[in-house]
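The sequence and the structure are shown first.

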Amino acid sequence: MAIVFRGGWVLAPIFILGWFGWFLMIERYGYYFMLKGVRVNGLGGFWRTLKKNGEEAAFKKLERRRYGYFYALASDVRNYRDRGPVAVRNAMEETRHRISVNLSKSLRTISTCASIAPMLGLLGTVSGMVHTFETIRLFGFGNAVLLADGISEALLTTQAGLLVAFPLMLAYNYLAGRVEAVEKSAWSEALKYESLVFDSEVKE
């Protein structure tokens with residue numbers, strides 16, 4: 001708490017911004033692991049079961065992670081297959097868009113938090129230097145303790161802004177990359193399943 005007082009008023013919103021950003025980040029990581037569902041490499045068991053025992057048995061393997069991206073898309077294929085390929089593709093696109101929107105909402109906010117933190121740190125630096133010059137104007141250069149207060153305020157806020165921004169941006173970039181990989185792989189596997197379903201119906 002003493003550090004907050006030494007850093008001036010700007011340090012409080014920097015800490016609040018950092019806590020808010022990490023709260024959203026942890027929530028997004030939880031959503032990502034739910035979205036990931038069965039790993040792409042783990043879908044080999046789904047395809048083997050589908051080929052050997054049919055759709056019902058294959059989907060029972062997916063139901064353990066029923067909130068995964070691939071499960072949602074594959075369920076669209078099953079639910080709308082009787083209405084034809086156009087209805088299936090429209091349902092898949094709607095699911096894809098809905099999940100993408102849910103993902104982007106908080107990710108955009110996290111990116112904004114990481115961008116604002118250094119700017120708040122810069123604001124604290126300016127505030128600290130103004131404090132320092134005001135001290136010099138009133139007391140001159142003779143009192144080093146009073147000068148140190150303003151300089152400490154400037155340096156602490158700059159450091160706090162960077163300490164909030166760097167880890168948050170690194171975590172954001174990693175999560176955004178992993179989410180993009182899951183989206184691509186799930187969509188690719190769902191298209192493969194869609195093609196398999198309608199090819200089999202044509203053969204029948």
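The sections below treat the helices, the core and the side-chain pairs in turn.

## Basis of the description

The model is predicted, and local features need pLDDT of at least 70, side-chain atom pairs count only at pLDDT 80 or more, while totals for chains, interfaces and linings use all residues. Residues are numbered from 1 along each chain as its sequence is written, and side-chain values use heavy atoms, with hydrogens and water left out.

## Overall fold

The protein chain contains 7 helices and 0 strands, and its pattern along the sequence reads α-α-α-α-α-α-α. Helices (H or I, at least four residues) and strands (E, at least two) are DSSP runs, numbered from the N terminus. Of the 204 residues, 41% count as buried; buried means under 20% relative accessible area, exposed over 50%, and partly exposed in between (1.4 Å probe, protein chains only).

Contact means heavy atoms within 4.5 Å. Among contacts in the protein chain with a separation of 6 or more, 76% come from residues 24 or more positions apart.

## Helices α2 and α6

The expected span of a helix is 1.5 Å times one less than its number of residues. For α2, with 26 residues, this span should be 38 Å, and the end C-alpha atoms are 37 Å apart, which agrees. Helix α6 has 55 residues and reaches 80 Å from its first C-alpha to its last, close to the 81 Å expected. Just after α6, G140 takes a positive phi of about 75 degrees.

The buried residues of α2 include L11, I14, L17, G18, G21, L24 and M25. An α-helix has 3.6 residues a turn, so residues three or four places apart point the same way. W19 also lies in α2, but counts as exposed at 68% relative accessibility. The C-alpha atoms of W19 and V164 are 8.9 Å apart in space, although the two residues are 145 residues apart in sequence.

## Nonpolar core

A nonpolar core is a set of buried Ala, Val, Leu, Ile, Met, Phe, Trp, Tyr and Cys residues joined through side-chain atoms within 4.5 Å. The largest such core has 46 residues, and M25, F46 and Y193 have the most contacts inside it. Two or more residues each come from α2 (11–36), α3 (43–53), α4 (55–62), α5 (69–80), α6 and α7. Helix α7 gives the most, with 15 residues.

V77 lies in helix α5 and is buried, with a relative accessible area of 0%. Leaving aside neighbours within four places in sequence, V77 is in contact with V88, M92, Y193, E194 and V197. V77 and E194 are 117 residues apart in sequence, yet their C-alpha atoms are 6.1 Å apart in space.

## Salt bridges

A salt bridge is a side-chain nitrogen of Lys or Arg within 4 Å of a carboxyl oxygen of Asp or Glu. The structure holds 3 salt bridges. One joins R89 and E194, with the closest N and O atoms 2.7 Å apart. R89 lies in helix α6 (residues 85–139) and E194 in helix α7 (residues 144–203), so the pair ties together parts that are 105 residues apart in sequence. R89 is partly exposed at 33% relative accessible area, whereas E194 is buried at 7%.

In the pair formed by R28 and E27, the closest N and O atoms are 2.8 Å apart. R28 is buried, with a relative accessible area of 7%, while E27 is partly exposed at 36%. K184 and E180 form a salt bridge whose closest N and O atoms are 3.3 Å apart. Both residues lie in helix α7, 4 residues apart, about one turn of the helix. K184 is exposed at 55%, and E180 is partly exposed at 41%.

## Aromatic rings

Rings of Phe, Tyr and Trp (its six-membered ring) pair if their centres lie within 6.5 Å; planes under 30 degrees apart count as stacked, over 60 as edge-to-face and the rest as tilted. The structure holds 1 aromatic pair. Y32 and F33 form this tilted pair, 5.1 Å centre to centre with 55 degrees between the planes. Y32 is buried at 5% relative accessibility, and F33 is partly exposed at 43%.

A charge sits over a ring if NZ of Lys or CZ of Arg is within 6 Å of the ring centre and within 35 degrees of the ring normal. The charged end of R96 sits over the ring of W187, 4.2 Å from its centre.
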